[in-house]
Amino acid sequence: DGEVHINELKNGNAEVFWNPTSEVRRQRLKRHIVLFEEQTDFESERLWQHVTSAINKGDQHKATQEKFVLEEEQRNAARERRENGTEWKPLLFRHDAATNEWHYKYEDLRPWDPLNDIAQFEKNGILQTMERHLSTRMSNHTTTCINNQITRHKRSAKDCRRRKTSDQPSNHSQNTESSCSTPESVQELSDDDGKYLVIIGLCTQCGKEMNHLKEIHSAVLSLQRAQQDIHR
């Protein structure tokens, strides 16, 4: 958050390595941290707490000692796995054999969308983004359902008009008209120009997801109000 300097001990020279401007600070996303008491033993803040404390106190010797203790524990654990023939299976990282590098499985490199993205948070080591709108999958599914219902409605209405205007004997007119029906969950209204206005009901899956989205939205609003109270 502040200036970082490089000090050359041999000649005493110092230079600025990093100095975040006010513009950089404004563009930074709000940081959300898991409460310390809710962290597991191997999460960074808890695992490196003694090293961090020593660094904050300016005690480089103590920080080096604490770092050595952690690394030695990791070496011993790896040695025990080799002796027992236990294969190490990372939960959050994958190995790229081509580059011999490790990559985080759930990395999200897309640009931040201020109109849609509310917050980014980590749960059980998995990075997630809370969004305002429906997911792309749900939006596509809903659009497909609506388009299918519109197509069925138009086809039914077209068949109905064709039957009504057919040159059939008058004694069959009533039966012909009664055979025309609109699809379920679709209501048909007519405006002054004779065009059809369609009111479409969502399918069961879309309805469930809409209800689920409302529950999430209510929960988010409740969290936001609680956060505002905490700030006050």
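1. Gln-120 and Thr-129. In this predicted model, Gln-120 stands opposite Thr-129, a residue of strand 6. The pair belongs to an antiparallel pairing: strand 5, residues 117-123, runs against strand 6, residues 126-131, and six bridges join them.

2. The turn between strand 5 and strand 6. These two strands make a hairpin, with two residues between them. Asn-124 sits in the turn and has a positive phi of about 55°.

3. Phe-121. This residue is placed in strand 5. Leaving aside residues up to four places away in sequence, Phe-121 touches Ile-126, Leu-127, Gln-128, Thr-129 and Met-130. A second hairpin. Strand 3 (residues 93-96) pairs with strand 4 (residues 101-104), again in the antiparallel sense, over four bridges. Asp-96 has Glu-101, in strand 4, as its bridge partner. Four residues lie between the strands of this hairpin, and Asn-100 takes a positive phi near 55°.

4. Helix 3 and helix 4. Two packed helices are described by the angle between their axes and by the distance between those axes. Helix 3 covers residues 49-56 and helix 4 covers residues 60-84; their axes come within 8 Å and cross at roughly 170°. Helix 3 is therefore roughly antiparallel to helix 4, a label given to angles over 145 degrees.

5. The residues in that contact. Which residues of helix 3 meet helix 4? From helix 3 they are His-50, Val-51, Ala-54 and Ile-55. On the side of helix 4 they meet Lys-62, Ala-63, Glu-66, Lys-67 and Leu-70. By type, the residues of this contact divide into five nonpolar, one polar and three charged.

6. Glu-66. Glu-66 is buried, because its relative accessible area is 18%, and buried means under 20%. Not counting residues up to four places away in sequence, Glu-66 touches His-50 and Val-51.

7. Val-24. Helix 1 (residues 22-27) contains Val-24. With a relative accessible area of 32%, Val-24 is partly exposed. Val-24 and Asp-1 are 23 residues apart in sequence, and the distance between their C-alpha atoms is 9.8 Å.

8. The chain as a whole. How many helices and strands does the protein chain have? There are seven helices and eight strands. Of its 232 residues, 12% count as buried. The protein chain exposes about 19,400 Å², and carbon and sulfur atoms supply 51% of that area. Among contacts with a separation of 6 or more, 28% come from residues 24 or more positions apart.

Key. Residues are numbered from 1 along each chain as its sequence is written. This is a predicted model: local features need pLDDT of at least 70, side-chain atom pairs count only at pLDDT 80 or more; totals for chains, interfaces and linings use all residues. Side-chain values use heavy atoms; hydrogens and water are left out. Axes are lines fitted to C-alpha atoms, for helices over the stretch in contact, and angles run from 0 to 180 degrees between N-to-C directions. Angles under 35 degrees count as roughly parallel, over 145 as roughly antiparallel, 65 to 115 as roughly perpendicular and the rest as oblique. Contact means heavy atoms within 4.5 Å. Ala, Val, Leu, Ile, Met, Phe, Trp, Tyr, Cys and Pro count as nonpolar, Asp, Glu, Lys and Arg as charged, and the others, Gly among them, as polar. Two strands pair if DSSP finds at least two bridges between them. Buried means under 20% relative accessible area, exposed over 50%, partly exposed in between (1.4 Å probe, protein chains only). Accessible areas come from the Shrake-Rupley method with a 1.4 Å probe; for residues, only the protein chains shown count as cover.
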